[in-house]
Amino acid sequence: WHSSAHMLGEALEHIYGSFLTIGPPLNNGFYYDSYMGTTSVSDADYKGLDTEVKAIAKKKQKFERLVVTKEEALELFAYNPFKHQLITTKVPDG
């Protein structure tokens, strides 16, 4: 499920310009919280999301864990105020 959550998050970024927050895998599935301004996803949007996720899957991107410092993580996610806040408040300095 973990990889599926990442692909859903990427699709949300591509289609809606979403700012991703958290999206943990669960025992029976996964989800991704994201901020899309005044836009919301409805049942009518599922086909487009499904198509985008399938396109992402076809690329066979490698999922690799990156170990970075807090400062590097803040640079990586400087564009996303929600990730920036999570890193600032949850990751210890040093």
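Helices (H or I, at least four residues) and strands (E, at least two) are DSSP runs, numbered from the N terminus. You're looking at a predicted model, where local features need pLDDT of at least 70 and side-chain atom pairs count only at pLDDT 80 or more, while totals for chains, interfaces and linings use all residues. Residues are numbered from 1 along each chain as its sequence is written, and side-chain values use heavy atoms, with hydrogens and water left out.

**The core**
- Nine residues make up the largest nonpolar core: Ala5, Met7, Leu8, Ala11, Leu12, Leu20, Tyr32, Leu49 and Ile56.
- A nonpolar core here is a set of buried Ala, Val, Leu, Ile, Met, Phe, Trp, Tyr and Cys residues joined through side-chain atoms within 4.5 Å.
- Setting aside residues up to four places away in sequence, alanine 11 touches Tyr16, Leu49, Glu52, Val53 and Ile56 (contact means heavy atoms within 4.5 Å).

**Leucine 26**
- Leucine 26 counts as partly exposed because its relative accessibility is 39% (buried is under 20% relative accessible area, exposed over 50%, partly exposed in between, with a 1.4 Å probe and protein chains only).

**Lysine 70**
- You'll find lysine 70 in helix H3 (residues 70–76), and it counts as buried because its relative accessibility is 11%.
- Beyond its neighbours within four places in sequence, lysine 70 is in contact with Ile87, Thr88, Val91, Pro92 and Asp93.
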